[in-house]
Amino acid sequence: MDKKKCPQCKNLILITSPTCLYCGRPNKFITKEYVNKKWNKDIKNNVFDYIFINRYLAFILVIIITIFIIIFS
């Protein structure tokens with residue numbers, strides 16, 4: 001199998017391994033998107049707000065439909 005040197009400890013590791021066996025450094029490209037997804041709390045809050053708003057709107061829609069069914073039946 002293909003091996004490469006770990007940038008941190010300079011030991012040979014497999015390309016397919018998720019981390020270095022010697023120092024534990026991740027063996028994947030660390031991009032700005034990866035770091036923001038992992039550590040940025042604003043993204044987590046935005047996802048929570050998005051889910052909460054959608055549930056809130058769905059609840060209001062169900063109530064409005066129920067009222068219309070009661071009124072027009």
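A nonpolar surface patch of about 1000 Å² is formed in this predicted model by Tyr56, Leu57, Phe59, Ile60, Ile63, Ile64, Ile67, Phe68, Ile71 and Phe72. Patch members have over 30% relative accessible area and no salt bridge, with nonpolar side chains (Val, Leu, Ile, Met, Phe, Trp, Tyr) joined within 5 Å and like charges within 9 Å; a salt bridge is a side-chain nitrogen of Lys or Arg within 4 Å of a carboxyl oxygen of Asp or Glu. Areas follow the Shrake-Rupley method with a 1.4 Å probe, and for residues only the protein chains shown count as cover. Tyrosine 56 sits in helix α2 (residues 41-72) and is partly exposed, its relative accessible area being 49% (buried is under 20%, exposed over 50%, partly exposed in between).

Two loop residues are also worth a look. Serine 17, in the loop between β2 (12-14) and α1 (32-39), counts as buried because its relative accessibility is 16%. The serine 17 side chain reaches the backbone oxygen of leucine 14 at 2.9 Å. Lysine 10, in the loop between β1 (3-5) and β2, has a positive phi of about 65 degrees although it is not a glycine, and is exposed at 53% relative accessibility.

The chain averages a pLDDT (predictor's confidence per residue, 0 to 100) of 78, and 70% of residues score at least 70. Confidence is lowest in α1, with a mean of 69, and highest in β2, at 89. Local features need pLDDT of at least 70 and side-chain atom pairs 80 or more, whereas totals for chains, interfaces and linings use all residues. Residues are numbered from 1 along each chain as its sequence is written, and side-chain values use heavy atoms, leaving out hydrogens and water.

Terms used:
Helices (H or I, at least four residues) and strands (E, at least two) are DSSP runs, numbered from the N terminus. Buried means under 20% relative accessible area, exposed over 50%, partly exposed in between (1.4 Å probe, protein chains only). A polar contact is a pair of N or O atoms within 3.5 Å; within protein, one must be able to donate a hydrogen and the other to accept it, and residues adjacent in sequence count only if both atoms are side-chain atoms.
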